[in-house]
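Please have a look at the model first.

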4 protein chains.
Amino acid sequence: MAKKTPETEIKQKIYLSARKLFVEKGYHRTSIPDIVKDAGVSIGAIYHHFSSKEELARVIHEDAVESFLSRYQLYVDSQRTALGKIRGFVELMLSWADEDLITVNYLLHARPKEILDCNFTICTAEGLEAVKKIVEFGQKEGTFKDADQILLAAFISGPVMRLIELKTDGIITQPLSSIIDTTTQLIFDALKK
Amino acid sequence: MAKKTPETEIKQKIYLSARKLFVEKGYHRTSIPDIVKDAGVSIGAIYHHFSSKEELARVIHEDAVESFLSRYQLYVDSQRTALGKIRGFVELMLSWADEDLITVNYLLHARPKEILDCNFTICTAEGLEAVKKIVEFGQKEGTFKDADQILLAAFISGPVMRLIELKTDGIITQPLSSIIDTTTQLIFDALKK
Amino acid sequence: MAKKTPETEIKQKIYLSARKLFVEKGYHRTSIPDIVKDAGVSIGAIYHHFSSKEELARVIHEDAVESFLSRYQLYVDSQRTALGKIRGFVELMLSWADEDLITVNYLLHARPKEILDCNFTICTAEGLEAVKKIVEFGQKEGTFKDADQILLAAFISGPVMRLIELKTDGIITQPLSSIIDTTTQLIFDALKK
Amino acid sequence: MAKKTPETEIKQKIYLSARKLFVEKGYHRTSIPDIVKDAGVSIGAIYHHFSSKEELARVIHEDAVESFLSRYQLYVDSQRTALGKIRGFVELMLSWADEDLITVNYLLHARPKEILDCNFTICTAEGLEAVKKIVEFGQKEGTFKDADQILLAAFISGPVMRLIELKTDGIITQPLSSIIDTTTQLIFDALKK
DNA sequence: AATGAATGAGATTTCATTCAT
DNA sequence: TATGAATGAAATCTCATTCAT
């Protein structure tokens, strides 16, 4: 498992409650007392383990990015064809969302702008780089269209993100893993020459 | 012009400053004093024109939805082919984003959950319905695949939303209207039989 | 009256309560709720008039310094002999302490170090300069000893400050103005050639 | 040596760091974590050796008083003339300040009001008594003026305290022991008949 | 003796909102 | 209409202290 888990049991409880509440209610509508209630710990314990509410959000976010990147290696880098890589990416995201919708949503929606003054769009940036690498590979392979890489990348991440959103909003009810194949095919249809 | 414009100059100033700040910093990080400063009006003026901060957000949001729907009629409903409707939708969104990125972002990102307790997911709901109508049309026409409508809809809205995000983040620098044709083509390639 | 008085009645109440409490209990043992209770105003009113507790202390302090300087002009600068200036200084401090022990104590004891990170020892600095000017004058006049100016200055301010402290602590019970003459004489005996 | 030194090395470290920080930043701005950092010990160690932060302050203070009193015996009580006693007091204070400015400042400035609810003005009280004894001696001897004893006492302690303050603030840079003679002479000039 | 995780009361400050003018 | 002084609930965070190890 690539997920970095916090050391102590209490730290873990704080971490999980905070992540859940941040996704459910948003960062700003989640107060420290909310986390205290949900995690069943004291205020002091939170500040003992995390220097501030903001730092708590940052740690959660960085863990999610790290988790994404290690899954990416497993599902995408290991594939040797463009189609395989697309399928890997789709499978990574959709099955991960089935398994841990909270973390995936945190990754997709924790808009740093909402939390921090300075933009550290590590999410957008890292996510984009990862997907652009797939596009580059497909173009070198000769499988993909020669259109702008960023545009093509939007056709990989865009539909996947949208599907996860629709699952979160309860509009899609079936497991996302049941539509991995179709999704992969549609993306491929869009990108292939 | 479909945009409902506030009546007085002061109300207009409040409206524009609030919308700008909500997009720039998020709803919760924008305080009434922030709006006072930016708009150069008094606290009293804000509460004279809007009953609460929440109502201010709701008015802005509803205007954006209304604006979207009237543009939808113009660009999409008027089209008589599935391809035409896709092109219309893409053109509507991308040229609108070029023209008024703030409003479009407000529409896409104002997550009601962040603002209100009760979900008034008018955005997601309305947006989804609109796009699903295109899918239905294309399937009736016999042009589109017979896959799940929601899945196909995700291939229309997903990439478009992603492109607007990338423009907002400064990763795409060219006008979005310059990629209307290619985007349309890629969506069509994904959906067509 | 040289004392700058705050504009509104409420601001005035906050100012006076804060000054009283800061002197009585010290800056750090005086909480905002303490001031709220004593002044009979709301928390919000305090923050409406003063940007922070620290600023409240700074304003009080600066007023006291300003008040000191204008009294100094009146009592000391107007005198044309060294003895007259010493008497003026002693009278200024001791009669002021009789009249407004709180302000004088604030001036003498508000150790900026207790309140702020950076030292802005305006009190010490201003006070010292004022007293050093008397010493310079007396040396030019030929009345005072030729010892180090700072040392001589310590014989003007030191006993006066000590007397005010003893009055504050309740060890001296008579009005300080009753010992102006003797105090002046003793200082003069120490400094004169 | 009259100074009661804490028994263990760790207790000593805590004691010295606390005293230094109390003087540097004031009692209230010094937190237990500050002492932990400065002394390089654990929280537990502090509470093992001292029952509370307040007790730590009290022990430091009482040590300083005790140290003062034993020095007083040595420097003042041993003298058999009023002039000798004044010189003894001045030497005691100024050379002690050169040697251990922190302790002396603690003695002079630790305003109990800042620390405790109940006044334990041991400093003011003990200090005053000591100096008043010199005045009594000088009056009995027939050397000193017949003015109020407290007033005369203020001319012994006031200038000395002021000089130490000026040294602490960096306004006096030379060693205070270099001005023992002049200071003695000036005090004597003020008090003598 | 020594540690440091855990506690929770209490501190300062913010900010949406009201209301007298 | 328009103003901004005033309110006070609620937010984040600090810190002296306890206690199991």
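## Where chains C and D meet

Here 43 residues of chain C are in contact with 43 residues of chain D, contact being heavy atoms within 4.5 Å. This is a predicted model, in which local features need pLDDT of at least 70 and side-chain atom pairs count only at pLDDT 80 or more, while totals for chains, interfaces and linings use all residues. Residues are numbered from 1 along each chain as its sequence is written, chains are lettered from A and ligands numbered from 1 in the order in which they are written, and side-chain values use heavy atoms, with hydrogens and water left out.

The area buried between chain C and chain D is about 3,700 Å², with 65% coming from carbon and sulfur atoms; buried area is the accessible area (1.4 Å probe) that two parts lose on being put together, summed over both. In chain C, the residues that lose the most area to chain D are C:Arg29, C:Arg162 and C:Leu186, together 18% of what that side buries.

## A salt bridge at this interface

Chains C and D share 2 salt bridges (a side-chain nitrogen of Lys or Arg within 4 Å of a carboxyl oxygen of Asp or Glu). One of them joins D:Lys145 and C:Asp189, at 2.6 Å from N to O.

## Around DNA strand E

DNA strand E is surrounded by 29 residues, and the closest are A:Ser42, A:His48, A:His49, B:Ile32 and C:Lys53.

Key
Near = heavy atom within 4 Å.
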